[in-house]
Every structure is written in structure tokens, then in C-alpha cells.
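Take a walk through this protein, from its overall layout down to a single residue. Have the chain in view before reading on.

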Amino acid sequence: MIRTAVFSSATLFLAACGGSPEAAEETNADRHESGMAETRLYQPETEVAQGEAEVEIRASWMRPHPQGRDVTSAYVVVRLASGEEDLLTGARIEGAERVEMHGHTMSADGAMRMHEIPPQRVGSEGPLVFTPGGRHLMVFGLAPVSEGEEVAGTLVFQNAGDVPVTFAVRNMPPGMPNDY
Ligand SMILES: [Cu+2]
């Protein structure tokens, strides 16, 4: 029994992280749950020092809406360009009702679920990555977008303030590693 459980967990994890075009973000969009026993894969609530900071935004893109849905996901990579550290506190997207920062966790039974995550730190140790199967921006109430369009938005940082971002609508992630 134990072997079976471990195997299914590993399979689910790979499925969620394998860059499948039908990423779990969209198909599970209605299944936001919280308060369950889970493995925490993302930074907990954190605080960063007040100060000057500049950030660099790369690889910002958004998936076309799944047919008949008004929820989609967007991704971005944030690097600290100067300063000690910063905190991404939220995001806005033009025309969207709201944007939430989400992550996935694996529950005790091996199921991957997504949930809202707290503000995320970016420091000099490496980029803060939003990517399929991991952190993502959940975009609610935006009129459907299609491959090739661009959508304007804003990332909100504690130290760097409001930083404009353009999300390219595309089915596949931008190439790696150059875009990161
Ligand atoms: Cu989500």
C-alpha cells in the first residue's frame, strides 16, 4: 500500500511540473482549497527590510483562456537588479477583476492542489520564478485572450513600487534559459 501511495504522488508531481500544455492551473481553477494538511512548497509569510530596490521582469506571459472560462494563469520571472531584497505583494492586470498569487501543494493523499500564497521575497540569491506547475498568477474576470495578443499589467513591490509588465499571450512557455 505504501509503495502504491508513493508512486502515485510522484506521478502527480511530475504531471504538474512537466510543462504539460494543459497545466493543472486552468483545469483546477475552481478547486481552490485551503486549511488542509499539506506540504508547503513556497515561502511562508515573510517580511523584508525597507529600502531602495530595482527589479527586472523577464519571461512574462499568459495562457490563452481555456474554452468557456474566464480564468487563466500568467507567469513571470523577477530578478533583483539593485538593492538588498524586495517583496512582491501583488499584481494587477488591465481588464481583469482580480489577480491572485497561487502555488501548488501536495496533500497527504498525494493530490496536488493550488491555493493563494503570501507575498513572495526576491533577493540577490536568485530569481523569483512563476512557471507552469509552480507559482502562478491566477487571473480572474479578464475577457478571453488569444495567442499573439499582449496584456498590460503591474507588479506591486514593497520597495520597487509599481512595476509595469507586458504579458505575451502564448500557448507554450518562452524558451529557456535565455528568457530567464
Ligand atoms: Cu491558481
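The model is predicted. Begin with the elements. The protein has 2 helices and 11 strands.

Now consider the whole chain. It has 180 residues, and 26% of them are buried. Of the contacts with a separation of 6 or more, 75% join residues 24 or more positions apart.

Next, find strand β5, which covers residues 98-107. Strand β5 pairs with strand β9, residues 136-140, in the antiparallel sense. There are 5 bridges between β5 and β9. One place to look is M101, whose bridge partner in β9 is L137.

Strand β5 also pairs with strand β6, residues 112-116. This pairing is antiparallel too, and it has 5 bridges. Here T105 stands opposite R113 of β6. The two strands form a hairpin with 4 residues between them. In that hairpin, G110 has a positive phi near 85°.

Finally, turn to A81, in strand β3 (residues 71-83). Is A81 buried, exposed or partly exposed? A81 counts as partly exposed, because it has 13 C-beta neighbours inside 10 Å, and a buried residue needs 20 or more. Beyond its neighbours within four places in sequence, A81 is in contact with E54, V55 and E56. S124 is 43 residues from A81 in sequence, yet their C-alpha atoms are 8.2 Å apart in space.

Technical notes. Residues numbered from 1 in each chain as written. Predicted model: local features only at pLDDT ≥ 70, side-chain atom pairs only at ≥ 80, totals over all residues. Buried ≥ 20, exposed ≤ 12 C-beta atoms within 10 Å, placed from the backbone. Contact = placed C-beta atoms within 7 Å. Pairing = 2+ DSSP bridges.
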